[in-house]
Amino acid sequence: MPHQVFRVPTPQQRFSEREPAPAAVERRGGGSSGEILAGFLAPHPPHLVYAENPPANEPRSEGGWEVLRWAYQDIRRKIREELRPDVIVIHAPHWITMIGHHVNCVPNPRGFSVEPIFPDLLRFHYDFKTDVPLAEAVYEEAVSEGLVARRMDHPGVRIDYATIGSLYLLNPEGDIPVVSLSCNNNPYFYTHEGLDDMERLGTATRRAIERSGKRVILAASNSLSHIHFDETPNPPEDMSKEHPMTFDAYRWDIRMLELLRRGRTREVRELIPEYIEATAAEIKGGALSWMLSAMEWPEIPARVLGYQTVIGTGNAVAEWPLVGNGNGSAYLGG
Ligand SMILES: [Fe+2]
């Protein structure tokens with residue numbers, strides 16, 4: 001029997017005569033002009049932000065991890081010059097919520113965030129805007145989907161370094177509004193059952209975007225294989241020390257990326273549990289499942305712009321272009 005993880009009643013059960021449905025669950029406007037322009041695999045190792053030397057980050061570096069940083073440069077140019085999205089919706093594994101999926105509805109999150117494992121690399125002053133109507137819509141659709149979900153309205157909450165890192169690397173100007181989703185930590189305790197919830201969260205996200213009328217890009221903030229060194233080189237950006245933690249983890253990363261480059265998302269979906277088991281892949285947090293589900297598991301070639309290790313973990317920057325130069329059959333890249 002499948003494991004049930006904090007299941008809640010269906011909307012029909014939940015919103016009976018006794019407990020009327022919130023107005024928001026009734027589809028507002030019925031608009032269909034909102035769309036997902038592209039999805040990005042956008043890893044967040046603090047090393048990448050450190051290597052960029054942004055004024056907002058206190059530590060200084062000599063660079064490093066250029067393959068991933070050049071890949072990010074490519075997608076930054078595309079986001080700014082071609083896609084010009086209204087919103088970035090991001091799912092990150094280090095905003096951990098123990099019960100339910102939380103959506104940041106704070107209009108202007110800002111503060112100072114220190115990476116707890118690598119405080120020598122990331123001490124970052126962040127400041128971004130939330131698209132509150134879309135954030136609220138994602139929350140409402142998640143509830144409608146039968147998920148346990150919460151709004152997060154506390155302005156003083158400290159934003160996790162995965163959200164901060166990926167947002168900086170995708171849009172260093174910080175001028176594109178954001179919807180930030182938490183990582184319900186259930187998958188870490190309940191094997192892979194939580195990934196089903198992540199797919200449902202993806203469905204809810206897509207519905208919210210469609211009715212918002214907004215042009216949106218998605219970001220799955222995670223590494224791939226996630227077994228790493230237990231000591232940092234000195235200096236951290238000494239690239240002569242960088243290599244995959246194990247050959248097996250590298251093999252798995254490349255196998256999955258090759259499938260994604262061929263548009264074989266159905267096979268990837270089947271392999272995700274085995275991949276997580278073999279490599280402690282950070283997609284266990286659900287970001288990739290959420291994003292691919294929101295995009296309805298597109299069978300188009302992912303543009304893998306770069307793959308490199310960071311303290312032994314596998315990281316890829318990749319794009320699923322749903323509009324523009326790639327709308328499925330018309331797209332020939334890879
Ligand atoms: Fe991480």
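The legends below describe a predicted model.

**View 1. Asp230, a loop residue.** Asp230 sits in the loop that links strand 8 to helix 8 (247-261). Is Asp230 buried or exposed? Asp230 is exposed, because 6 other C-beta atoms lie within 10 Å. Ile311 is 81 residues away from Asp230 in sequence. In space, the two are 8.5 Å apart, C-alpha to C-alpha.

**View 2. Strand 2 and its partners.** Strand 2 covers residues 87-97. The strand is mostly covered, with nine of its 11 residues buried. Which strands pair with strand 2? One is strand 8 (residues 215-220), which pairs in the parallel sense over five bridges. Here Ile88 stands opposite Ile217 of strand 8. Another is strand 7 (residues 178-184), also parallel to strand 2, with six bridges. On this side, His91 stands opposite Leu181 of strand 7.

**View 3. The largest nonpolar core.** This core has 91 residues. Which of them touch the most other members? They are Phe40, Ile88, Val138, Leu218 and Val317. Ile88 also belongs to the pairing in View 2, where this residue faces Ile217. In soluble globular proteins, nonpolar side chains tend to be buried together.

**View 4. Around Val138.** Val138 is among the core residues that touch the most other members. What does Val138 touch, leaving out residues up to four places away in sequence? The list is Val103, Val179, Ala204, Thr205 and Ala208.

**View 5. The bend in helix 9.** Helix 9 runs over residues 265-279. Where does helix 9 bend? The bend is at Leu271, by about 50°. A proline, Pro273, follows within four residues. The buried residues of this helix are Thr265, Val268, Ile272, Tyr275, Ile276 and Thr279. An α-helix has 3.6 residues a turn, so residues three or four places apart point the same way. Just after helix 9 comes Ala280, with a positive phi of about 55°.

**View 6. Confidence along the chain.** The mean pLDDT of the protein chain is 88. A pLDDT of 70 or more is reached by 85% of its residues. Over residues 1-31, pLDDT stays under 50. The model gives this stretch 38 contacts beyond four places in sequence. Residues 326-334 also have pLDDT below 50. For these residues, the model has 15 contacts beyond near neighbours in sequence.

Conventions:
Residues numbered from 1 in each chain as written. Predicted model: local features only at pLDDT ≥ 70, side-chain atom pairs only at ≥ 80, totals over all residues. Buried ≥ 20, exposed ≤ 12 C-beta atoms within 10 Å, placed from the backbone. Pairing = 2+ DSSP bridges. Core = buried A, V, L, I, M, F, W, Y, C linked by C-beta atoms within 7 Å. Contact = placed C-beta atoms within 7 Å. pLDDT = per-residue confidence, 0-100. Bend = angle between axes of the 7 residues up to and from the residue.
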